[in-house]
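Hi,

Here's the structure I said I'd pass on. Have a look at it first, and my notes follow below.

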Amino acid sequence: MTVPPTAQDSDASLIEGSLADPESFAALFDRYAAMLYRYVSRRLGPDAAEDVVGETFLVAFSKRSRYDLAQRDARPWLFGIATKLVARHHRAEAARYRALRRSPVDGPVEGPADRVAAGVTASASRPALAAALAGLARRDLDVLLLVAWGDLAYEEVARALGIPVGTVRSRLNRARRKVRAALGDTDPTREEA
């Protein structure tokens, strides 16, 4: 008789348990599918995101026996797999950025006055932001989006991409400089004093 996983189980223990009881791997899907979907959806659009997230978990499941059980958190591993799958869809991602650059600016979203003002300013700069993202080298874009949309720490990005933390820092710095320059050295989400 197998004990069902609990919310307190580490990702590593779930992966290790799934070697004997494959159904316990589903707990990882429950924990991270929505987070991965948001990340992939922002990169490729919602149409491709569901397929890529599903494929991410299929790849992870098939490679679970090689997972480093010393790493209690599987988030960087899963984001690394997803990022590699996104790279396969890079043409679609580049086309999405080109379409965003050409698309009309949406109106403000309903909400508190601060959010509306920030949303209007950020929406107005969307074409320039999309152009800046489309112009980044793939490796810089991956680092930037794993931090910004994946909400991963530098060390987690390094694990996800299999690169040193110093490389993450330099790529992120370069990407931020290029995006900031494309936006006229301003941050559209911050109010100017």
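Let's start with Arg 180, which sits in helix α10 (helices are DSSP runs of H or I with at least four residues, strands are runs of E with at least two, and both are numbered from the N terminus). Before going on, note that this is a predicted model, where local features need pLDDT of at least 70, side-chain atom pairs count only at pLDDT 80 or more, and totals for chains, interfaces and linings use all residues. Residues are numbered from 1 along each chain as its sequence is written, and side-chain values use heavy atoms, with hydrogens and water left out.

Back to Arg 180: it is partly exposed, at 40% relative accessible area (buried means under 20%, exposed over 50%, partly exposed in between, with a 1.4 Å probe and protein chains only). Together with Arg 139, Arg 176, Arg 177 and Lys 178, Arg 180 makes up a patch of positive charge on the surface. Patch residues have over 30% relative accessible area and no salt bridge, and like charges are joined within 9 Å; Lys and Arg count as positive, Asp and Glu as negative, while His and the chain ends are not counted. Helix α10, residues 165-182, is the biggest contributor to this patch, with four residues.

As for the overall picture, the chain has 10 helices and zero strands. Of its 193 residues, 36% count as buried.

Now for the salt bridges (a side-chain nitrogen of Lys or Arg within 4 Å of a carboxyl oxygen of Asp or Glu). There are seven of them.

- Glu 55 pairs with Arg 88, their closest N and O atoms being 3.2 Å apart. Glu 55 is in helix α3 and Arg 88 in helix α4, so the pair ties together parts 33 residues apart in sequence. Arg 88 is exposed, at 63%, whereas Glu 55 is partly exposed, at 29%.
- Arg 75 pairs with Glu 156, with 2.7 Å between the closest N and O atoms. Arg 75 belongs to helix α4 and Glu 156 to helix α9, so this bridge ties together parts 81 residues apart in sequence. Both ends are buried: Arg 75 has 15% relative accessibility and Glu 156 has 14%.
- Asp 142 meets Arg 138 at 3.9 Å, N to O. They are four residues apart in helix α8, so about one helical turn separates them. Asp 142 is buried, at 9%, and Arg 138 is partly exposed, at 28%. Arg 43 joins these two in a network of salt bridges.

Cheers

Methods: Patches are made of residues with over 30% relative accessible area and no salt bridge: like charges are joined within 9 Å, nonpolar side chains (Val, Leu, Ile, Met, Phe, Trp, Tyr) within 5 Å. Accessible areas come from the Shrake-Rupley method with a 1.4 Å probe; for residues, only the protein chains shown count as cover. The place of a charge is taken as NZ of Lys, CZ of Arg, CG of Asp or CD of Glu.
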